[in-house]
Protein chains: 4
Amino acid sequence: MTPEKIPVGVVGATGLAGQQLLLALADHPRFEVRRLAASARSAGKAYAEALRAEGGGSRWTASPHPPAAFAGLTVEDAASFDPEGLGLVFSAVDGDAARPLEERLARLVPVVSTTSAFRYDEDVPLVIPPVNPDHADLLEFQRRRRGWKGFVAPIPNCTTTGLATTLAPLDRAFGVKRVWMTSLQAVSGAGRSPGVVALDVVDNVVPYIPREEEKVERETRKILGRLAEGRVAEHAMGISCTCTRVSVLDGHTESVFVELERPASPGEVAEAMQSWRGAAEGFDLPSAPKRWIEVHDDPYRPQPRLDREAGGGMTTSVGRIRAERLFDSGVKYVLVSHNTKAGAGKGAVLLAELLLARGQI
Amino acid sequence: MTPEKIPVGVVGATGLAGQQLLLALADHPRFEVRRLAASARSAGKAYAEALRAEGGGSRWTASPHPPAAFAGLTVEDAASFDPEGLGLVFSAVDGDAARPLEERLARLVPVVSTTSAFRYDEDVPLVIPPVNPDHADLLEFQRRRRGWKGFVAPIPNCTTTGLATTLAPLDRAFGVKRVWMTSLQAVSGAGRSPGVVALDVVDNVVPYIPREEEKVERETRKILGRLAEGRVAEHAMGISCTCTRVSVLDGHTESVFVELERPASPGEVAEAMQSWRGAAEGFDLPSAPKRWIEVHDDPYRPQPRLDREAGGGMTTSVGRIRAERLFDSGVKYVLVSHNTKAGAGKGAVLLAELLLARGQI
Amino acid sequence: MTPEKIPVGVVGATGLAGQQLLLALADHPRFEVRRLAASARSAGKAYAEALRAEGGGSRWTASPHPPAAFAGLTVEDAASFDPEGLGLVFSAVDGDAARPLEERLARLVPVVSTTSAFRYDEDVPLVIPPVNPDHADLLEFQRRRRGWKGFVAPIPNCTTTGLATTLAPLDRAFGVKRVWMTSLQAVSGAGRSPGVVALDVVDNVVPYIPREEEKVERETRKILGRLAEGRVAEHAMGISCTCTRVSVLDGHTESVFVELERPASPGEVAEAMQSWRGAAEGFDLPSAPKRWIEVHDDPYRPQPRLDREAGGGMTTSVGRIRAERLFDSGVKYVLVSHNTKAGAGKGAVLLAELLLARGQI
Amino acid sequence: MTPEKIPVGVVGATGLAGQQLLLALADHPRFEVRRLAASARSAGKAYAEALRAEGGGSRWTASPHPPAAFAGLTVEDAASFDPEGLGLVFSAVDGDAARPLEERLARLVPVVSTTSAFRYDEDVPLVIPPVNPDHADLLEFQRRRRGWKGFVAPIPNCTTTGLATTLAPLDRAFGVKRVWMTSLQAVSGAGRSPGVVALDVVDNVVPYIPREEEKVERETRKILGRLAEGRVAEHAMGISCTCTRVSVLDGHTESVFVELERPASPGEVAEAMQSWRGAAEGFDLPSAPKRWIEVHDDPYRPQPRLDREAGGGMTTSVGRIRAERLFDSGVKYVLVSHNTKAGAGKGAVLLAELLLARGQI
């Protein structure tokens with residue numbers, strides 16, 4: 001007998017992250033999207049209608065067409081959205097509205113969020129299922145401490161995901177000491193409104209993304225840290241980043257230099273990454289790829305356009321693994337990670353699958 | 001003795017068209033920018049400060065740095081801007097605010113505008129100096145009829161400029177009967193806020209620009225029309241357009257098919273365009289290029305990146321002139337015109353130069 | 001009982017069109033790729049090895065990885081390739097070598113080709129299966145006349161495919177008199193070696209593609225013509241094109257203006273296209289899409305990035321259907337067609353499927 | 001009295017680096033281009049004619065039009081080019097032909113080269129005029145040792161130039177210990193034939209440029225080294241690079257992390273760079289910019305499109321200077337350097353100006 005699907009809602013459903021959530025939830029075996037919410041401007045309209053932009057076009061951006069299953073759902077006003085009857089709410093709300101809204105909902109139901117509103121709270125874990133599924137235990141502490149029926153479980157920033165995922169097997173096998181990372185980020189990471197203006201990236205690179213570097217540095221240490229006594233002790237590794245924007249649609253590329261604690265040849269690093277099964281192996285997560293990391297020998301890989309869709313957008317692709325001789329032990333490599341799939345909508349769905357498998361939803 | 005410069009103001013100074021106006025007015029021999037105005041958000045700040053965007057960067061987009069002469073000017077609130085003491089105001093105001101604002105100013109001083117607010121009013125001429133300088137006479141009629149001290153003199157849409165400029169010598173020499181035009185427009189035409197989102201043009205073409213086609217069709221017939229009895233009788237030519245957006249920073253490309261009244265070989269068409277001196281030849285206009293139209297033999301030209309800056313951005317570049325054999329007489333060609341110079345800021349300054357030379361300012 | 005698959009060879013297998021052929025033939029229900037051939041440089045190497053470029057990367061461009069089934073096949077030298085034992089050869093050979101090579105092969109087996117070598121020969125049909133499948137009868141005439149065991153069946157130029165496909169239902173329903181088309185073509189159309197240099201399309205449009213316009217004009221009239229007495233009588237319609245290159249990876253966009261013989265509203269045109277089932281309806285062709293033409297209401301569609309993969313890359317997407325008022329009866333629209341799928345590799349496979357279904361292979 | 005100009009020749013004049021040399025030499029106050037040479041294919045043709053590509057276009061890429069002064073010069077065959085009568089030859093020859101050709105010419109006259117043929121020879125200096133003008137003394141040693149009348153003076157790789165230029169003032173003021181650099185390189189760096197294929201950079205990043213990283217690492221240590229006893233003792237700093245290609249026309253962006261020997265705040269680093277006058281200050285070099293390094297406060301700068309032309313393409317722009325806290329003392333920053341001006345044609349002309357000023361030509 002097929003278990004009944006969990007009824008879920010998506011708040012912030014019209015934005016780009018919300019669209020990616022819906023794509024990841026279309027025909028999902030365990031979740032069923034029952035309700036959608038967005039800003040007052042969209043409230044009361046059918047979802048397809050709410051997507052209609054000025055000029056007559058559609059603001060749907062994530063794929064050729066919105067999944068038919070959602071086109072007819074009536075969009076509710078997020079400000080007054082009541083999650084009664086839902087087992088879970090996904091939140092992809094923009095800006096300052098996110099924190100009060102997620103708090104209000106989490107008092108009633110579990111909330112899995114793509115926003116940064118709660119990421120840095122001490123009782124809030126940042127979980128990437130293959131990396132630190134055990135951190136999800138902190139959600140129970142959060143629930144009790146705050147006296148909420150639900151909880152808030154955010155996913156990390158899209159640029160953190162690929163970095164933390166590739167550092168995880170390195171840290172386990174060889175110990176990670178210090179990391180320098182330069183990102184070449186895709187324009188979809190900024191969403192559509194306002195998003196990245198074409199003027200800024202045609203024949204250009206923008207060398208700055210506000211608050212991005214701090215997020216990646218802080219989140220990576222938290223994700224790779226150790227859960228103990230109702231909080232996460234951050235990993236002691238040093239991380240330093242420069243984040244840039246390039247003319248790529250989807251897929252963040254990151255150039256990484258790593259100092260390791262223990263000796264490791266490039267071949268051993270490749271093997272540690274390629275063979276890494278992650279810490280969530282026991283769970284059967286529908287959105288999990290066959291491999292969390294795909295290692296390329298071809299020095300021209302990974303490329304965002306060719307590799308972002310690996311593993312349904314959930315596999316981090318790694319290449320150019322070379323010894324970093326400026327350290328006693330070190331390695332340098334390039335990674336590509338899909339920022340709106342692994343790093344946003346589908347990543348949030350994967351986390352919800354983990355929480356369901358662990359009995360937390 | 002150098003005549004004194006006319007003191008001018010620029011309203012809408014922080015947007016992209018306003019920036020292009022300022023670039024065209026820096027060190028201008030006849031106009032001196034004394035005052036700037038923009039939205040309430042910018043009012044009271046020094047111009048350089050007003051350009052500062054969230055995140056610490058500058059919204060100045062038109063060149064590496066804003067001209068130093070303007071950085072220290074205090075921006076006034078456009079809504080309450082009083083043009084007292086100015087000989088002329090340039091307007092590059094966005095959206096619905098343009099019409100009431102330009103009307104208020106034009107009651108007091110001449111206004112040269114890059115907006116479409118008044119373009120289609122019967123007593124408002126659309127003047128491209130080399131094409132129809134005599135239409136500027138209509139401004140005097142407008143002034144009297146409306147009882148204003150000043151007037152509104154708009155320039156046409158940026159996509160109209162190159163088309164009307166190239167049709168002018170064709171019409172004079174051979175008669176233009178019908179025109180089919182497909183544009184490949186640059187992203188700067190939409191400005192910065194919101195502008196064209198990078199998501200939409202990376203690896204893509206957008207086949208629609210709201211209201212653009214109607215503007216080009218209507219404006220071209222008006223510009224090439226005949227001034228008589230206090231109004232412009234539109235040219236009888238038929239025009240049909242499809243306007244698209246491509247991943248180009250500056251410079252609109254247009255593919256044009258023309259049915260002519262009288263026989264013309266490609267060589268004769270090239271000669272008519274290349275030798276065309278325009279109707280404003282008697283005037284000494286500082287922003288005028290040496291040639292209004294530059295004809296290329298190389299079939300790979302014109303290209304927007306290589307040719308948009310021809311004649312300081314004021315020359316329309318034409319190439320691929322071929323016989324159009326589907327008509328008794330016809331020609332097809334490709335043109336490139338700089339949309340934010342000839343088609344916006346510098347084009348407006350050129351028009352002001354004409355009006356000054358004709359004694360209307 | 002499953003019928004045995006036809007053993008086929010692919011000549012010119014390492015180029016971009018050859019790669020697209022292989023993608024379209026991977027796991028094909030009726031054809032099985034047994035042998036590959038390319039230039040002497042590749043001969044004797046395994047296919048995966050032959051793709052390896054200088055610097056260690058792979059020249060495979062059409063997708064993330066070459067289909068595993070072909071990686072181990074040994075590439076033969078096209079110059080001495082003997083098709084013995086094959087039921088069909090696909091040819092995607094570059095340049096001047098194509099004609100003598102295809103002739104040599106066609107003396108022995110049927111050849112379906114993406115090249116232009118034989119397209120304009122009088123006894124060679126240009127078949128797009130939904131448009132003019134009956135023209136394939138000319139292959140039998142060709143075979144007899146030349147005394148060959150096989151024949152050469154080329155597909156049209158990639159820019160012709162979308163145009164001829166959309167004109168077909170228009171011509172049947174309303175009669176097509178004259179056509180003006182401006183293309184915005186993708187860079188993949190030029191292949192990889194030399195292909196379009198990035199220098200030429202970053203922040204740019206190239207207004208010329210050598211010989212492209214003549215091909216489209218001539219081929220469209222031939223495809224839409226009538227087969228009679230051992231030759232195709234070209235359609236009498238007039239066609240005039242300007243072909244440009246833009247910064248798009250895959251998917252040609254075309255802006256089309258059509259004069260019709262008989263009255264047609266935009267709604268009737270949309271209906272004629274959308275409901276068109278093509279002339280190959282009786283045949284069960286595995287590469288055929290559900291619909292040959294998809295009509296969009298959203299004025300922002302079709303876009304190459306969003307619509308090129310419609311129908312597995314075999315559907316032509318049409319939008320912006322408007323009345324063309326410069327004619328007694330006319331219509332204008334924009335189309336997107338996948339240049340390396342419908343317009344090259346998969347289009348050739350579709351033609352082979354038709355020839356098989358008609359018993360010609 | 002104006003001194004007579006030195007008559008010079010340019011070998012490899014039709015390629016992109018050769019074009020950039022000619023642009024930098026047009027109307028030069030001290031050099032006069034008398035003769036041009038290229039491959040046999042171009043020999044005997046006027047330069048403008050030699051640039052004409054298949055299809056009728058021009059292979060001139062560096063600017064809208066080749067300088068008129070050179071259009072009529074007859075191109076000679078580089079293989080048999082005799083430099084008799086010239087005071088200097090600039091070489092921008094491609095590939096393996098460079099080394100024997102430059103050797104043949106240097107036996108007779110000084111050769112300033114943009115190629116890598118001789119860069120790593122022990123008696124060959126790599127001179128960036130503001131950084132290590134004294135290394136030019138090694139040319140006299142080279143001349144004597146090889147028994148040549150001339151010498152070969154190469155400029156470094158285009159990616160080295162900005163890095164070495166910014167490290168020079170850092171090293172002098174604070175001591176440079178280790179450097180990690182990730183580049184985002186422009187497509188013009190690869191020239192036109194074959195150059196970077198558009199297919200590879202539309203919506204993409206290519207994470208590998210063959211041999212580039214080794215060049216940058218080795219050259220930077222040599223440039224910043226110390227000349228002693230007839231050779232350059234390389235600087236002891238460690239350098240580690242990852243070089244990538246992005247969709248930018250001109251201007252390499254580099255993200256740099258530096259470990260310093262001595263404490264330095266971001267403000268001190270900015271001051272050391274901005275105030276740096278270089279070591280060639282006594283010389284009056286026509287191609288020198290007013291400032292070798294321009295430091296930006298705006299975190300969104302430098303951007304390649306906005307900053308590559310700073311100082312006529314000869315100024316390195318630096319921004320995002322931040323403390324690098326993973327070291328006892330360190331700094332991180334982003335730089336933009338014009339790869340075909342400072343890093344190729346104009347950089348070679350600057351070096352020739354230095355050699356002339358030092359009496360070595």
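**View 1. Where chain B meets chain A.** In this view, 17 residues of chain B are in contact with 17 residues of chain A; two residues are in contact if their C-beta atoms, placed from the backbone, lie within 7 Å. On the side of chain B that touches chain A, helix 7 (191–195) and helix 8 (198–201) of chain B each supply at least two residues. Helices (H or I, at least four residues) and strands (E, at least two) are DSSP runs, numbered from the N terminus. Sorted by class, that side of chain B has ten nonpolar, five polar and two charged residues. Here Ala, Val, Leu, Ile, Met, Phe, Trp, Tyr, Cys and Pro count as nonpolar, Asp, Glu, Lys and Arg as charged, and the others, Gly among them, as polar.

A word on reading these views: this is a predicted model, in which local features need pLDDT of at least 70 and side-chain atom pairs count only at pLDDT 80 or more, while totals for chains, interfaces and linings use all residues. Residues are numbered from 1 along each chain as its sequence is written, and chains are lettered from A and ligands numbered from 1 in the order in which they are written.

**View 2. Turning one copy onto another.**

**View 3. Helix 1 of chain B under cover.** How many of the ten residues of helix 1 (residues 16–25) of chain B are buried? Ten of ten are, so this helix is mostly covered. A residue is buried if 20 or more other C-beta atoms lie within 10 Å of its own, exposed if 12 or fewer, and partly exposed in between, with C-beta atoms placed from the backbone. The buried residues include Leu16(B), Gly18(B), Gln20(B) and Leu25(B). Among the elements covering them are strand 1 (6–11), strand 2 (31–38) and helix 13 (345–357) of chain B. Just after helix 1 of chain B, Asp27(B) takes a positive phi of about 55 degrees.

**View 4. One side of helix 10 in chain D.** Which residues of helix 10 (residues 266–274) of chain D are buried? They are Val269(D), Ala270(D), Ala272(D) and Met273(D). These residues are on the same side of helix 10 of chain D because they cover an arc of only 165 degrees around the axis, taken from the directions from the helix axis to the C-beta atoms. Their packing partners are helix 6 (158–174), strand 12 (293–295), strand 13 (316–323) and strand 14 (330–337) of chain D.

**View 5. Pro286(C) in its loop.** Pro286(C) sits in the loop between helix 10 (266–274) and strand 12 (293–295) of chain C. Is Pro286(C) buried or partly exposed? Pro286(C) counts as partly exposed because it has 14 C-beta neighbours inside 10 Å. Beyond its neighbours within four places in sequence, Pro286(C) is in contact with His28(C), Pro29(C), Arg30(C) and Glu353(C). Pro29(C) is 257 residues away along the chain, yet the C-alpha atoms of Pro286(C) and Pro29(C) are separated by 7.6 Å.
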